[in-house]
Every structure is written in structure tokens, then in C-alpha cells.
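Please read it alongside the sequence and coordinates shown here.

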Amino acid sequence: MTVASNTLLDPRVEGQYIIRTDPHCHILPGLDDGAPNIEMSLKMARRMVSIGIQNVIATPHGVHPAIDTNIDPDFLREQVAGINETLQGEGIPLRVFPGTEVFLRRRIRQMFEKGQIITWADQGQFILMELGFQRRSAGVLEVVDYFLDLGITPIIAHPERYLWLPDDPALFTELRDRGCVFQFNTMSINGHFGPKTQQLALRLLPSSGSFIIGTDSHHDADRYFDLNAIKARLKELGLQDENGSYKVSTPAPVPDLSDLVRN
């Protein structure tokens, strides 16, 4: 059964399922580099339902240096209401919630205070943040602490894709110890971004504390949706308990990552 709209979606709970709620998805048509039209959105939705996904947080890029997206909260709510109406009309049992993949900048604090940034699932409890691929965004802990002080927990999008992270593993530990949730991509775990990204994901997962797996899907390609391979990897890492839940009971120290440093 789909989670009701008035029920809090907690990534620390949803992360125990692979995947019941997709925390990171570019399903809204025509907004960024995701689904170009409603036809692709519907293909993505049908694919998700076929593998057991019940809920999706639509997370178009926001405050991104290279991708211009309208992330006005009311606009996103309207877009999500529209796609949910279409899904219902098509008989597709998937519920979409509004959100944004926020590229971390110091100014997002002021934007949030002005009501210009929507939270993850529009429930005021979590926010999905991207920290920069080539270099670490400035003011990471400053911005993270700002939201934590407001009672809003950052979800760190795909840390395994950050080229700088093997050179700066202490930040991962800092974020974990502050209570952040880490969102890993299916494509990373399954090796579609290359062996170093895959190895980084597999080494970080046991050290993550709270994690959730997301498709970060932009269209309906197979590589986003091989959940059986994800489950097998997590089982190999000892992250599946006797009840079948996926979680980190006691986080391991972040291992040596020096061989994954990319020059």
C-alpha cells in the first residue's frame, strides 16, 4: 500500500527496504535533465511499480551551477499534483511527492528562509543535498549545521560520486556523526559509473550509519532498476539482518580510501 500523503516518509525507515520509496528521482517531465516529457515519466513510473516501488520523491536539480530549473515550491507542488492525477488516470499505483536535489551553496540558507526551497517530500523534516562532483562545495558543515539546528536532517546525495571524497574521508565521518542520512545510487553500486565509484560505494556503505538507496533515474533504462543485484551486494556486505531489513547496526570506521583518489 502506498504511504498516505499525511504520513511522514522517514528515509531512515524507508532505507530498510530495497526499494519501497525512491528518495531521488528526476521523474517530473521537462524540468531539468530528467524525463523530457510525460510519456517518459509514465514509462519510469510503470518500471518502478514493476519492481515494487510505491513512492517517489521527485527531486529536480536546484541551485545548480549548470542546470537551470524552476524550483519554486508552489510550482513543484503543482507539477507533482499534475503527475499524480495522470498516474491515477492511467491506473499506475505510484505516489509522487515533491522535493529538490539542492546543490549546496551557502546562500541556500537565505533561500530557505524566504520560502524558496522545498524540503524532501515537502514534510519539513529532511532535505536532499548535493555536495559537488569535482570539488567539495564551500561551507558544507556550516550549511548542514544550519538545517540540523532547524530540526531538518540533510540527506547527502550519492557521496560515492564525489571525486574529492577519497581525499577527504573525515568529512564523511563528520556528516555521519551529525546524523545525516546518505543516499547511494543503484547505478554506482552496480558499477555503471566505473569501478572506483563502485568500490567507494561498497566501502562507505558499512560506515554510513543511516543510508537509503535511490535510483537517481532520469529515464527508464535498465541500469537504474536492477534491485536484485543491489540486494546481493548489500547481503555480501552483511547489511541485511535476520528480518530481511537493510541497515547498519554499528557503523564501521571509514576505511582507507587512498587507492581511490582520482588525479
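## Terms and basis

Relative accessible area, computed with a 1.4 Å probe on protein chains only, sorts residues into buried (under 20%), exposed (over 50%) and partly exposed (in between). The model is predicted, so that local features need a pLDDT of at least 70 and side-chain atom pairs count only at pLDDT 80 or more, whereas totals for chains, interfaces and linings use all residues. Residues are numbered from 1 along each chain as its sequence is written, and side-chain values use heavy atoms, with hydrogens and water left out.

## Confidence

The protein chain averages a pLDDT (the predictor's confidence in each residue, from 0 to 100) of 94, and 97% of the residues score at least 70. Over residues 1-5 the pLDDT is below 50, although beyond near neighbours in sequence this stretch has 12 contacts in the model, a contact being heavy atoms within 4.5 Å.

## Salt bridges

Side chains of opposite charge can pair when their charged atoms come close. The structure holds 15 salt bridges, each defined as a side-chain nitrogen of Lys or Arg within 4 Å of a carboxyl oxygen of Asp or Glu. One of them joins Glu14 to Arg20, with the closest N and O atoms 2.6 Å apart; Glu14 is buried at a relative accessible area of 4%, while Arg20 is partly exposed at 23%.

A second pair, Arg77 and Asp122, meets at 2.8 Å from N to O. Because Arg77 lies in helix α3 (residues 73-89) and Asp122 in the loop between α4 (108-113) and β6 (126-130), the pair ties together parts that are 45 residues apart in sequence; these elements are DSSP runs, helices being H or I of at least four residues and strands E of at least two, numbered from the N terminus. Arg77 is partly exposed at 35%, as is Asp122 at 30%, and a network of salt bridges links Asp74, Arg77 and Asp122.

Arg203 and Asp259 also form a salt bridge, at 2.8 Å from N to O. Arg203 belongs to helix α8 (residues 195-204) and Asp259 to the segment after α9 (227-236), so this pair connects parts that are 56 residues apart in sequence. Arg203 is partly exposed at 21% relative accessible area, and Asp259 is partly exposed at 42%.
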